[in-house]
Amino acid sequence: MSENNTEMIDKYDADAQFEALLKKISDTGHPIDTERVRAAYNTAKIAHSGQKRKDGTPYVTHCIAAADISVDMGLDEDSIVAALLHDVIEDTPLTHADIAHQFGEPVADIVEGVTKLTRVQYTSKEDEQMENLRKMLLAMAKDIRVILIKIADRLHNMRTMDYQNPEKQRQKSQETMEIYAPIAHRLGMQRSKWELEDLSLQYLDPVGYKEITDTLEKRMPELESFMAGMKEKIQTRLEKEHISCTIYYRIKHVYSIYRKMYAQNLNMSGIFDLCAFRVIVDTIPDCYTVMGIIHEMFKPVPGRFKDYVSTPKPNGYQSVHTTVIGSEGIPFEVQIRTWDMHHTAEYGIAAHWKYKMNDGGQVLKSGDEDRFAWVRRLLESQQDSDATDFFHNLKIDMFSDEVFVFSPKGDVINLPTGATPIDFAYNIHSDVGNHMVGATVNGRIVPLSHTLQNGDIVEIRTSKSAAGPSRDWLNIAKSGSARTKIKQWFKKERRDENVIRGRAMFEEELRHSGISYDEATAEDIISPIMKRLSVMSVDELCAAIGYGGVTATRVVNRIRDELLRAANKNDKKTVVDKINQAAERREQSAQKMGKAVHGVLVEGLSNCLIKFSRCCTPVPGDDIVGFITRGQGVSIHRADCENYTQRRDDPENAGRWVRVQWAREITDSYVCTVTITAKDRNGLVMDIATVLNSLNAKVRTLTARDLAGGKAIASVTLEVKSSAELKYIMARIASIPGITSVMRNGQME
Ligand code: MN
């Protein structure tokens, strides 16, 4: 790789440095419009004129250096232009609009992205916070080029850190070690990662750093001649075997030696493999041939052979590694890879930023839709679970379903996209949410429905005399946990309200069934039902109906069964008649309903399109409601479905919920999904499958996976005729040893 050749040039002479950069650009052979690059330089030079860096050099030399590193990384024209302009929004009067006008939106967006990252403030925190901070930066970047330029920017700032005061040196080094080096690693950019680590270590532990570099320097002549000798030996042998190869050798980077000493509590003399060789070949078969030859020439150290060619590392890294014992018993590591793998290892994700050419050698502009395709491909090939988690959302659209915001203390809080101050408050603590009276974002007062953006600093204003959450909040909050906490508050604090509400719902349902309140609440009728629902009083039962813990229909159905049983036993014909008449009236009103479609009758609608909602997958026997969707017929939900209970009171959906019921005769089968959690053990899936098979269940899919902590989760999608059949199947599954829960999807907890 070409070294930074601006070093030979007067550090105060920006123009000369820029000309050297242009030469480097044309040397790459990439189709880059140098006039556009020059225009960017001129803009940056004028904008930063008069500004100086701590070492007295013109500020624009920093911009040239960042662009120079971007060229080394192999970045595209827009990136190089943006690198030259990366500090103009932050440090000069130029705006996004100015840059967009002259260099186009994409460049302006990249520069703005870098500016946002620059403005993020760090305080050193525990590991989990750091991980969130790294994710936040990636999420804020939106375009991976923003991150790559930020790394180039940081690399140059670290190279010139000597001119800063000790406090700033420490702070920036810490940040680099905790944030930027790991990001570079995750993106597979070994070269940048090593340099960032070594530069940071120099300021974080100057004594430790010096000990290593001094020792290396002392041993350098010996190590040099050892490595040169080994290279010679390997080269000669491979030439004899007609394998064309290039061999590099190096001393391992300081921080990797430092970490090894620290981890294994060794001093320098205890660290043997300081030397590393790289053999770069043309083809994958050559990698293995070379490995075989090296193992023939030297004694391999057992357990040190690693094949990252057939199983690449999560960050895309590929090589064959082995450690062997050289002459004088000195061990050394050999990495064998192809040129392609080498480029990826050095520059990682940046190496994939290639120019696409068509057959005539013209550059093809890649469309936006294609922009992250290579990132996705790279990431989809990753297998390490930790890194897969890290990149989980990058696969879709760079964390499109998460947003990362700061608390005033600098903690990073991770929320679902679209989250509001309400979600933030409940994430901090229920008490904060319940006493919230207002919120500020980045110092400005915002409405509680305000949508939070990545990097926002959110502060919640609370008051001891706050009235508590309002029911609207249930619709505003985006996170399930915030909604659950709000509901808990209503359940507890608004008991009276729930009792009144629930009692009204209960009485209405009783009226439809021809049962009086007094009949229903007679001791012998109601007490077995209350016992089954674990409530202690009729008020408590009404409260449960009021907040949606149980539906009125279900309670009244049970009361009706209980009354009929008691009446039949005591031969009270009048009661039986009254209840049956009510049922008949219901049946008649059902006839006002349309013809059954898929076994469902919809009030007032005939032959309409019926869709069973996927959130709760109702089956005959469940209490159901219908929702008139826009253009897709009526979707059927269970009456205890969270989507229904949360939305039934939305004013915007008023009039769209309709009464529906199951037809008498059911011929269809209904698809529903059941989630099973269990202690992980051998043969679990097999046992579930055997039970399902013995019940003749119609299983569509059965999947299972391990969770952390020795748990497993399985999901069964099956077809049933009724809720009774489903309940029976679920009960049978629940009796398998090791199963801890069997839940229908969409069931409220
Ligand atoms: Mn900068």
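Contact here means heavy atoms within 4.5 Å. The structure is a predicted model in which local features need pLDDT of at least 70 and side-chain atom pairs count only at pLDDT 80 or more, while totals for chains, interfaces and linings use all residues. Residues are numbered from 1 along each chain as its sequence is written, and side-chain values use heavy atoms, with hydrogens and water left out. The chain holds 31 helices and 22 strands; helices (H or I, at least four residues) and strands (E, at least two) are DSSP runs, numbered from the N terminus. Of its 749 residues, 48% count as buried, where buried means under 20% relative accessible area, exposed over 50% and partly exposed in between (1.4 Å probe, protein chains only). Among contacts between residues at least 6 apart in sequence, 65% join residues at least 24 apart.

**Manganese site**

- The manganese ion has four named protein donor residues, His62 (NE2), His86 (NE2), Asp87 (OD) and Asp153 (OD), at 2.1 to 2.3 Å.
- Donors are N, O and S atoms within 2.8 Å of the metal (3.2 Å for Na, K and Ca); water is not among the atoms, so sites may look incomplete.
- Along the sequence, the spacing of the donor residues is H-x23-H-D-x65-D.
- Both His86 and Asp87 are buried.

- Ser463 sits in the loop that links β13 (458–462) to α21 (473–476).
- With a relative accessible area of 22%, Ser463 is partly exposed.
- Not counting residues up to four places away in sequence, Ser463 touches His435 and Val437.
- A separation of 6.5 Å is found between the C-alpha atoms of Ser463 and Met436, which are 27 residues apart along the chain.

**Helix α13**

- The buried residues in helix α13 (residues 254–264) are Val254, Tyr255, Ile257, Tyr258 and Met261.
- Seen down the axis of α13, these buried residues fall within an arc of 160°, so they line one face of the helix; the arc is that of the directions from the helix axis to the C-beta atoms.
- An α-helix has 3.6 residues a turn, so residues three or four places apart point the same way.
- Packing partners of the buried α13 residues are α10 (166–186), α11 (190–204) and α12 (206–240).
- Asn265 follows α13 and has a positive phi, near 55°.

**Helix α22**

- Helix α22 (residues 480–493) has 14 residues, which at 1.5 Å a residue should span 20 Å, and its end C-alpha atoms are 20 Å apart, in agreement.
- The expected span of a helix is 1.5 Å times one less than its number of residues.
- Ala482, Arg483, Ile486, Trp489 and Phe490 are buried in α22.
- These residues cover an arc of only 115° around the axis, which puts them on the same side of α22.
- The buried residues of α22 pack against α19 (421–428), α20 (430–434), α21, α23 (495–512) and α29 (642–647).

- Strand β9 (residues 402–406) is mostly covered, with 5 of its 5 residues buried.
- On one side of β9 the buried residues are Glu402, Phe404 and Phe406, and on the other they are Val403 and Val405, so that both faces are covered.
- β9 pairs with strand β10 (residues 412–416) in the antiparallel sense over 5 bridges; two strands pair if DSSP finds at least two bridges between them.
- Phe404 is opposite Asn414 in β10.
- The hairpin has 5 residues between its strands, and Gly410 takes a positive phi near 95° there.

**Five-stranded sheet**

- An open sheet of 5 strands runs in the order β14-β18-β16-β17-β15, with mixed pairing.
- Its edge strands, β14 (600–602) and β15 (610–612), each pair on one side only.
- Neighbouring strands of this sheet are turned by 35° against each other on average, direction ignored; axes are lines fitted to C-alpha atoms, for helices over the stretch in contact, and angles run from 0 to 180 degrees between N-to-C directions.
- Strands β16 (residues 624–628) and β17 (residues 634–638) run antiparallel and are joined by 5 bridges.
- Phe627 stands opposite Ser635 in β17.
- Val658 belongs to strand β18 (residues 657–662) and is buried, at a relative accessible area of 16%.
- Leaving aside neighbours within four places in sequence, Val658 is in contact with Val602, Val625, Gly626, Ile628 and Val634.
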